[in-house]
Amino acid sequence: MAENKLLLLVGVPENYRLGGPAFARLHSAHPRFEVRIVHDLAAFTQQVGEADAVIGSRPYLKACSAVLQPGSRLRWVQTTTAGVDQALTPELLAAEHVAITCIKGPPGPLMAEHAVLLMLALARHFPAYLKNQQQHIWRREGQEWPPLHGHTVAILGLGSSGGNLARVCKAGFGMRVLGLSRTARAHPHVDQPFDQSELLSMLPQADFVVLCLPNTPQTKGIIDAAALAAMKPGAYLVNVARGALIDEAALGAALRAGKIAGAGLDVTSEDPIPKESALWDLPNTIITPHVAVESVKLSEAVVDFWCDNVRHFAQGGALLGLVDRQAGY
Ligand code: NDP
C-alpha cells in the first residue's frame, strides 16, 4: 500500500538571505513530501494546520503556535538558524511531541573563519593600518602583539563552530588550544579540555578568548566582570556567537582600563547596534555587523542539510541538529 503523502510548509520572507535557487531543491528531497514555499505570513498561518513539517524563520515559527495541540498534524519544526534562543516560542518548547531541529554543522567553518579574521586583525593592529593607508602614512604600529603561532586560544563552546576553530588554530597556526564544553572531553584539536565549572581557571591561560557558545540561561553573561578580571592582562576577546554572552558594560570598563587589549565583536546584545551605542567607540574594538556566516555557500549547505532532514523524517530516521529542550540548544 502506498505510504501517505506528507506536507512540508516552508515559511520565509521573499528574498530571504538563505534563499535563491538552492531552495528549489527541497521539492525533490523525498517523493513522499509535497513542499510548499510560502512568503506571505497570513497564507502561511492559514496553511500550517495541514503541515506535517515546517521550515521557518522567526515570525513563521511563531505562527505555528496555533497548531501545537497533541492531536494536530505538525510533528517537526526546522529552524533557519543555528541558534534557537530567539527562534523558539515557549509554546513550541512546551509541545514535546513536535521535534525541533536547528542547523548544526554548515555555519561552523564560516564562524571559525570570521573568528580568525578578528583574532589576526586585532593582534596585528589592522584597523590602524587601514586608517594610516587612507592618509598615506607609512608607520609601524608596534610589534607588541602576540602572533597566533605559539600562543594560546581558549575556545568557549566546542561544537560545530568551536570545533572548526580548534582545528584551524591547531593545524593552521600551531596554537595551544584550550576548549570549554558542558562536559570536558577529548577533542582531536584541543590540548586541554575544560568543563563548564572550570571557566575561571581556563581564562588566565589564554592570549585569545573566543566565544562559540549558544545563548542559554547558563551562558548568558558568561563573560562578566569576574571573567574579564580572570583573563590574562593584554589578552583579546572575540565573539562570533551571541551578544548576550557578554556583559557589555563590564567589557567597556575592562577595555577602557586597558585590562584586556581588545575585542572583536560580530554580535552584540542589540542587533543592529544603535548609532548612539557606546560600543562603537570602545578602544581597540572591531565591530562587524553579524556577518560571520554571510556567504552564498551557506545557502547551498543549509538546503542540503534541510534535504537530508526531510529524507530522515520521511524514512523515520534520526533527525540532524535535534534541539535539546532542557539544555536550550
Ligand atoms: P553547537 O551546538 O554545535 O555547540 C555548542 C557548544 O557549546 C557545545 O560544545 C556545548 O557543549 C557548548 N556549551 C553549551 N552550553 C555550555 C555551557 N553552559 N558551558 C560550557 N559549554 C557549553 O553550536 P554551534 O557551534 O553551531 O553554534 C554556537 C552558537 O553560535 C549558536 O548557538 C548560535 O547562537 C551562534 N551562531 C551565530 C552565528 C552568527 O552568524 N553570528 C551563526 C551560527 C551560530 P557540549 O559539547 O558539552 O554540548
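This is a predicted model: local features need pLDDT of at least 70, side-chain atom pairs count only at pLDDT 80 or more; totals for chains, interfaces and linings use all residues.
**Notebook: the ligand and a sheet**

Started with Gln196: one of its polar side-chain atoms sits 3.2 Å from a nitrogen atom of the ligand.

Lys104 puts a polar side-chain atom 2.6 Å from a ligand oxygen atom. With Leu158 it's the backbone instead: an N or O atom there lies 2.9 Å from an oxygen atom of the ligand.

Which residues come nearest to the ligand? I got Lys104, Ser160, Ser161, Arg185 and Tyr329, out of 29 residues around the ligand. Sorted by class, that shell has 13 nonpolar, eleven polar and five charged residues.

Then I asked why the ligand lies between domain 1 and domain 2. Both domain 1 (6-106 + 296-314) and domain 2 (108-287) give residues to the shell, so the ligand ends up between them.

Five strands make up an open sheet with parallel pairing, and I wrote down their order as 2-1-3-4-5. At the edges I found strand 2 (33-38) and strand 5 (99-101), each pairing on one side only. On average, neighbouring strands here are turned by 15 degrees against each other, ignoring direction.

Last, I zoomed in on one pair. Strand 1 (residues 6-11) and strand 3 (residues 53-56) run parallel and are joined by four bridges. I picked Val10 and looked up its bridge partner in strand 3, which is Ile55. Reminder from class: strands of a sheet pair through backbone hydrogen bonds, parallel or antiparallel.

Note on methods: Residues are numbered from 1 along each chain as its sequence is written. Side-chain values use heavy atoms; hydrogens and water are left out. A residue is near a molecule or strand if one of its heavy atoms lies within 4 Å of it. A polar contact is a pair of N or O atoms within 3.5 Å; within protein, one must be able to donate a hydrogen and the other to accept it, and residues adjacent in sequence count only if both atoms are side-chain atoms. Ala, Val, Leu, Ile, Met, Phe, Trp, Tyr, Cys and Pro count as nonpolar, Asp, Glu, Lys and Arg as charged, and the others, Gly among them, as polar. Domain bounds come from an automatic or database domain assignment. Two strands pair if DSSP finds at least two bridges between them. Helices (H or I, at least four residues) and strands (E, at least two) are DSSP runs, numbered from the N terminus. Axes are lines fitted to C-alpha atoms, for helices over the stretch in contact, and angles run from 0 to 180 degrees between N-to-C directions.
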